[in-house]
Amino acid sequence: MAARLVRRCCWRHFGAFITASSAVPASLLAPAGKVAMARALPQASFASFHTSSPSSWADGFSVKEQVEDSGNPEHKVIRELIESAMSPQELFQLTKHHALNSNQASLIITQLSRLAALKNLETESIVQDECFQQVISIMDSQISQVWNNTLLNLLKSLYSLGVDSNRREMQSVEQEVLWRLRRLTFRQLASLAEFLAVKQVKESRLLNEVIKKLELRWTELEGTRTVVALMSKVGHISPALMDRLEDKALELAEQFNPDDIRKISLALAYQNRRCVPLLRALSYHLIQKHSELSLNVLLDLIFAYGKLNFHQPQVFQKIATDLHPHVSTMTPVEVTRCIRSFALLKWLNLPLFEAIAQYALDNTKQLSVTHLCSIILSFARLNFQPSGIEDFFNVVHELLQGQLDSLEPHLLTDLVWSLCVLQQAKAPYLQRVLAPDFHAQIRGDQSFKAQNLQLRLININAAARLESPSYQGPFLPAEMLSATQPVGEKVTLLQSSLREALAGLLGSQDNGRFDVPTIYGWQIDAEMVVNSENKPLPLKDFAAPHLLRSEGTKPLPPGARRVAFLRWEFPNFSNRSKDLLGRYVMARRHIQAAGFLVVDVPHYEFLELKLERQRTAYLKDKLNKVMAKEMAS
């Protein structure tokens, strides 16, 4: 204890000595001919000096400078002149009429940066001015005496003015900040980290060191503003810091306003961090405390939830309800962003979607082809048919006329595929994507994107054959009808349970096929042929036009029918609904149009049955009902 007291007293006397010395002109302290060498001392000596001096001395020194500044009339006048200056010329005049110290020179540089930003001035001419060189030289000569806040503002200003990072004065300021990191408050560290992160200073040692300090001192984090700013601007650089920020945000969730929640949600979305506890807390407080939300908050929130695939029905309903009155005044970009987010979340709000359909009709001149495609793709995903479907698609076809060739191949394919889902694909659309020159570009391409494009073309080809009797061609060649099936997909509980239950229904393996890939691009979970008495028949001998290569050639006996069992998993439905998504509605239509009786096996019915005999009885009952309905029709 005594040793610590002695050491503090020694540093206090040493600090007083330095302070007194600093008041003496440098020309009197330095030997003749050595005045300009003040900053030419080896950096190692400065480093050892700063790292060995305790932070308490540095803080006391800054306080003393501030007291002197407020008590010195001349210093107070100079500060007021700097702050009131409205042009670089006024600031440069100060260098000619006043003997400036390093703090005042730093304030001038900061004010120059502020004026350049406010008045959109050319920074290069400012930096190259002779007076600026003089100011930066004064600042550099006594950089260790610049106060902490002033030093941080100085560093930001030098970056903003575009001063060369290799310049000695610039490196001197950066090095000084590095030495003082321990003495800075957490708020100062956070402010510096935000600035450096936004400026995207590449390979910045300073930024890395600041983030390390933030990680170590995260318990000092206070206030919602700092948490939000760090999450949105700095969190992506350090996952470890982001973990701490998420914990702190969860603690402060009740204090966030809607704009804070928007910024945090966007930060999580852009970083693909699906922090469920935090998202749930933010959603709860959003619903409980904030009745009115602005358009920007609504759009950004639904985008973030969609990006993170986070489902919160109460929030979705509130956002959809609040967005509905805004639709007529929204821009095409906002409309498409909104509807794509809802489609991604599989949330169909009928009033909102009807309003968007009406928006498309009322704003045909403002909507580009890309915007229109986004709306159609979203409608198709949720299998939404506008109430005025005929008027809507008349406008769509009119706007798309002559625009197909301008679309990128993948977007064009998605558009035609979506029109097939909605049963609105006309011959010109089908001919454009089924033409040999269109699909020739993906032959032999094994990339995932190309395989997905091929699968969609097969679906379009099926729609052309099965649902467009007047369409005369072209069609896809036979060698393109074997789409690559996903490899290594996990077998679901519904899939395995359905197989076990069907084994009792079929009686023999020869009476059925499982996981049947068809030439229509859809997979049948189980297939069987039954006679007029609903008894299963062996499949191998019969012709199978739905397969690329049929094992048998015999036609079906009189009265016999093909039956397809299709399982519908939870992700196949719209959110909180028993309505299938558009993709699966089209799959069911195509398989039915190919001559199958379809037995639907939804998860919410089948998995409720716990015993295998119950499940087998359920399938028999469903099959009998389908056959009875077919006979009645």
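**Entry 1: a tryptophan in a loop**

I looked up Trp-522 and found it buried, because its relative accessibility is 5%. Buried here means under 20% relative accessible area, exposed over 50% and partly exposed in between, with a 1.4 Å probe and protein chains only. I note that this is a predicted model: local features need pLDDT of at least 70, side-chain atom pairs count only at pLDDT 80 or more, and totals for chains, interfaces and linings use all residues. Residues are numbered from 1 along each chain as its sequence is written, and side-chain values use heavy atoms, with hydrogens and water left out.

I placed Trp-522 in the loop between strand S1 (512-517) and strand S2 (523-530). Strands are DSSP runs of E with at least two residues, helices are runs of H or I with at least four, and both are numbered from the N terminus. I then listed what Trp-522 touches, leaving out residues up to four places away in sequence: Asn-459, Val-516, Pro-517, Arg-583, Met-586, Ala-587, His-590 and Ile-591. Contact means heavy atoms within 4.5 Å. Ile-591 lies 69 residues from Trp-522 along the chain, and their C-alpha atoms are separated by 8.0 Å.

**Entry 2: helix H9 and its partners**

I checked H6 (residues 88-97) against H9 (residues 130-141): they pack at an angle of about 60°, with axes 10 Å apart. Axes are lines fitted to C-alpha atoms, for helices over the stretch in contact, and angles run from 0 to 180 degrees between N-to-C directions. From H6 I noted Phe-92, Thr-95 and Lys-96, which meet Cys-131, Phe-132, Gln-134 and Val-135 in H9. By class, this contact has four nonpolar, two polar and one charged residues. Ala, Val, Leu, Ile, Met, Phe, Trp, Tyr, Cys and Pro count as nonpolar, Asp, Glu, Lys and Arg as charged, and the others, Gly among them, as polar.

I next took H9 with H11 (residues 168-180), whose axes come within 10 Å and cross at roughly 35°. Ile-136, Met-139 and Asp-140 of H9 make the contact with Arg-168, Glu-169, Ser-172 and Val-173 of H11. The class count there is three nonpolar, one polar and three charged residues.

**Entry 3: cysteines and the whole chain**

I found zero disulfides, a disulfide being a pair of cysteine sulfur atoms within 2.5 Å. Cys-420 counts as buried because its relative accessibility is 4%. Of its 633 residues, 49% count as buried.
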